Each structure stands twice: as C-alpha cells, then as structure tokens.
Amino acid sequence: MKLPALATAIALAVSACTPALAADDLCTTASLLAERVMTERQSGARVADVMDRGKENELYRTMVKQAFSEPLYRSVEYRQRAVSEFANGWYLDCARYMETR
C-alpha cells in the first residue's frame, strides 16, 4: 500500500471520529470496508460504480483506487486470497499508523 495516501486517508477518518472510537474499532472498520471494496473488485464491478458509492469519503476513495490497481483473478481461491490480503493490509497499516499517533 502507498503509505502517504493511506496516512492522509486515515488521518482524515480519525479527525472525523469521536474520541470514544478506539483505534481497534477504527482499524476493524477500515478492514471490513477494504474487504467489501476488494470483493467488489474481484467480482468484476466497474470502478466508476464502486467509486460513486463514496464520493465524499477520502478513505473509501483511496481504498477503491488501490483495490482497482490490483489484478482481477479468475480462480475463487486467488480472489479470496486477494480479498483477505487487502483487508489484512489495511488493518495492519491502520494499526501501525494509530501507534504513531
């Protein structure tokens, strides 16, 4: 993942959150959203359609751009692996960022 874009997107998301939202909750939410976005990518959705769902959310738009930069796999196994790795990557990058905050 491109850390500068991710850091900016997470910083924007964090600034919009209430203090009660724990870092783990934010990272879990980011991971679940990343899983959804990559699932759509691996299902063959159009990037414009997926992007339209989050026009005002920079974090979402960053995820969509990154997901659609990844290859579209043919086998179910590789699609599932791509989804899992993408979601895990977002969680880990978020957790690392939150530790430095």
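**Exercise 1. Work out what share of the protein chain is buried, and what its surface is made of.**

Solution. Start with the count: of the 101 residues in the protein chain, buried ones make up 34%. Keep in mind that this is a predicted model.

**Exercise 2. Describe the secondary structure, then say what share of the contacts joins residues at least 24 apart.**

Solution. Tally the elements and you get five helices and zero strands. Walk along the sequence and the pattern reads α-α-α-α-α. Now take the contacts between residues at least 6 apart in sequence: 73% of them join residues at least 24 apart.

**Exercise 3. Find the disulfide, give its handedness, and say which helices it ties together.**

Solution. Step one is the distance check. A cysteine pair qualifies if its sulfur atoms are within 2.5 Å, and the count comes to one disulfide. The partners are C27 and C94, with an S to S distance of 2.2 Å.

Step two is the torsion. About the S-S bond of C27 and C94 it's about -80°, so this disulfide is left-handed.

Step three is placement. C27 sits in helix α2 (residues 23–42) and C94 in helix α5 (residues 76–100), so the bond ties together parts that are 67 residues apart in sequence.

Step four is exposure. The cut-off for buried is under 20% relative accessible area. C27 comes in at 2%, so it is buried. C94 has 1% relative accessibility, so it counts as buried too.

**Exercise 4. Is R101 buried or exposed, and how far is its C-alpha atom from that of A23?**

Solution. First, locate the residue: R101 belongs to the segment after α5. Then check its relative accessibility, keeping in mind that exposed means over 50%. R101 has 63%, so it is exposed. Finally, look at A23: the two residues are 78 apart along the chain, and 10.0 Å separates the C-alpha atoms of R101 and A23.

**Exercise 5. Decide how covered helix α4 is, and look at what happens at its start.**

Solution. Helix α4 runs over residues 58–67, and seven of its 10 residues are buried, which makes it mostly covered. To name them, go along the helix: L59, Y60, T62, M63, V64, Q66 and A67 are buried. Now zoom in on the start of α4. There, N57 has a side-chain oxygen that reaches to within 3.0 Å of the backbone nitrogen of L59. L59 is also one of the buried residues in α4.

Technical notes: Residues numbered from 1 in each chain as written. Predicted model: local features only at pLDDT ≥ 70, side-chain atom pairs only at ≥ 80, totals over all residues. Heavy atoms only, no water. Helix = DSSP H or I, 4+ residues; strand = E, 2+ residues; numbered from the N terminus. Buried < 20%, exposed > 50% of the residue type's maximum accessible area, 1.4 Å probe, protein only. Contact = heavy atoms within 4.5 Å. Areas by Shrake-Rupley, 256 points an atom, 1.4 Å probe, with all protein chains shown as cover. Polar contact = N/O pair within 3.5 Å; in protein donor to acceptor, adjacent residues only side chain to side chain.
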